Amino acid sequence: MSDPMDVLAPEHRRLRIGDAWRDAASGVTFVVEDPATGTTVAEVADAGVVDGLAALDAASRAAAQWATTPPRRRSELLTATYRALTDRAEEVARLITLEMGKPLAEARAEVAYGAEFFRWFAEEAVRVEGRYSTAPAGGYRILTVPKPVGPCVFVTPWNFPLAMGARKIAPALAAGCTTVTKPAAQTPLTMLLLARIMEEVGVPAGVVNVVTTKRAGEVVSALLADTRTRKVSFTGSTEVGRVLLRQAADNVLRTSMELGGNAALIVCADADLDVALHGAMVAKMRNIGESCIAANRIYVEEPVREEFTKRFTERMGALVVGNGLDDGVDVGALIDEPSVAKLDDLVADAVGRGARILVGGVRPDGPGHFYPPTVLVDVPDDARMLREEIFGPVAPIISFTSDDEVIAKANDTEHGLVGYVFTRDLQRALRFTEGLETGMIGVNRGLISDPSAPFGGVKQSGIGKEGSHEGIGEYLDLTYAAIDLP
């Protein structure tokens with residue numbers, strides 16, 4: 001099999017600014033590592049503030065022309081991007097696995113998911129509509145005109161290096177906005193490849209700019225302080241989201257924030273256990289558990305706790321851990337050493353408070369950032385892993401005896417991104433849907449992400465929606481005109 005890096009030529013491992021691929025002004029680079037081996041796979045440009053502002057210059061110069069580009073033409077370019085990603089899915093997937101660590105099957109699924117945002121918003125681009133109506137009191141008409149917000153700054157995470165960028169870039173371009181994307185330093189290569197693909201299909205210079213950097217704080221701060229930036233969208237931790245919201249307030253920027261999660265997965269005694277087990281495995285282990293919508297806490301009603309725990313533990317223990325590029329691997333490497341150390345700390349904390357490990361719990365020897373699928377029971381309420389986002393293949397199981405009890409526990413968190421409920425009782429499902437303080441709920445399924453559905457949380461899990469019809473509205477301002485007409 002060819003080297004995954006063959007799809008990204010050295011000249012395309014630099015900054016994408018306007019119509020050029022450029023070195024950082026300082027000439028500095030940083031290393032991208034394979035988390036499965038710890039070896040260097042590439043060096044990319046390490047942008048500074050001057051480079052970030054140059055990218056914003058390019059986005060600002062291109063803004064007016066892109067905003068007036070016919071919606072059909074914007075739609076065609078997004079469709080072409082979708083087709084190019086679909087045609088090159090295997091190449092893109094291998095690059096994702098190389099820099100992020102997930103198994104190839106997961107990477108292929110991410111390419112399909114990410115590509116679908118371009119197809120969805122290609123269809124939305126030609127359906128942006130205003131309104132014309134008679135004022136209720138008569139005498140004039142009300143006209144509303146949607147307009148692109150302007151240049152957008154995107155800060156994307158490492159866990160879905162293609163899909164999280166696609167989820168922002170596609171609606172922005174559909175709405176007529178230009179973009180500057182700062183991908184995570186751990187996984188910049190996939191975003192650079194996407195920029196190259198979009199260049200190849202004909203997206204005009206300056207519409208999609210990519211700035212890779214290890215100095216994210218200073219570069220992003222400079223971009224948000226510049227009055228030419230009109231929107232910021234961030235996917236990542238709640239802690240960083242708070243910082244960006246404070247910075248965005250100075251220029252009253254439009255914001256979209258998809259922040260941390262602490263998802264409760266609830267298995268009721270009346271659930272179909274086969275469905276619940278499958279859903280729990282998907283919700284917990286998709287993307288190695290490195291997902292904001294991963295099941296963080298698994299609550300199982302007491303009558304089925306023993307059977308569910310036994311079967312779930314067997315499934316977790318049967319998963320194969322290894323290099324994501326190898327055949328038959330279910331669980332790839334975590335992104336870096338701090339991620340593994342965090343899991344060690346969370347498990348040790350829970351065990352120190354009385355929890356028991358049923359499987360896993362000990363990191364393997366050797367190179368790479370691996371951690372085994374781990375199940376714990378008897379986890380007390382004060383364990384850190386019930387309060388903090390785990391972001392890895394560790395699953396605490398907690399019993400419950402009443403709906404009111406488990407809803408109260410599920411809601412006892414600052415986060416409110418997603419919840420999962422497994423029950424065959426429709427009325428019970430509706431009570432959970434109304435009772436859980438989350439922006440999204442999976443009922444009898446562990447996979448909820450869909451470009452045609454509005455993705456986003458409540459409380460400190462975020463602001464705004466991504467995907468669906470609502471997603472393009474995040475990139476549109478609305479002008480109202482009162483037209484005198486007696």
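**Reading helices, contacts and cysteines in a predicted model**

Guide: Val275 is found in helix α9, which spans residues 273-285, and, as we go through this structure, please keep in mind that the model is predicted.

Visitor: Which residues does Val275 contact, once its neighbours within four places in sequence are left aside?

Guide: With those neighbours set aside, Val275 is in contact with Phe422 and Asn444. Taking Phe422 as the example, Val275 and Phe422 are separated by 147 residues in sequence, while their C-alpha atoms are 7.9 Å apart in space.

Visitor: How should I read the packing of two helices?

Guide: Two packed helices are described by the angle between their axes and by the distance between those axes. In this model, helix α7 (residues 216-225) packs with helix α8 (residues 238-250) at an angle of about 30°, and their axes are 8 Å apart. Because angles under 35 degrees count as roughly parallel, α7 and α8 are roughly parallel to each other.

Visitor: Which residues meet where α7 packs with α8?

Guide: From α7, Val220, Ser221 and Leu224 meet Leu244, Gln247 and Ala248 of α8. Sorted by class, the residues of this contact of α7 with α8 are four nonpolar and two polar, with no charged residue.

Visitor: At what angle do α12 and α13 pack, and how far apart are their axes?

Guide: Helix α12 (residues 403-411) and helix α13 (residues 426-435) pack at about 30°, with a distance of 11 Å between their axes. That angle makes α12 roughly parallel to α13, and α12 passes α13 in a right-handed crossing. Asp403, Val406, Ile407 and Asn411 on the α12 side meet Arg428, Arg431, Phe432 and Gly435 on the α13 side. The contact of α12 with α13 has three nonpolar, two polar and three charged residues.

Visitor: How many disulfides does a search of the whole structure find?

Guide: A disulfide is a covalent bond between the sulfur atoms of two cysteines. Searching the whole structure gives zero disulfides.

Visitor: Are Cys152 and Cys268 buried or exposed?

Guide: Cys152 counts as buried, at 1% relative accessibility, and Cys268 also counts as buried, at 0%.

Terms used:
Residues numbered from 1 in each chain as written. Predicted model: local features only at pLDDT ≥ 70, side-chain atom pairs only at ≥ 80, totals over all residues. Heavy atoms only, no water. Axes fitted to C-alpha atoms, helices over the stretch in contact; angles between N-to-C directions. Helix = DSSP H or I, 4+ residues; strand = E, 2+ residues; numbered from the N terminus. Parallel < 35°, antiparallel > 145°, perpendicular 65-115°, else oblique. Left-handed = near helix turned anticlockwise from the far one by under 90°. Contact = heavy atoms within 4.5 Å. Nonpolar A, V, L, I, M, F, W, Y, C, P; charged D, E, K, R; others polar. Disulfide = S-S within 2.5 Å. Buried < 20%, exposed > 50% of the residue type's maximum accessible area, 1.4 Å probe, protein only.
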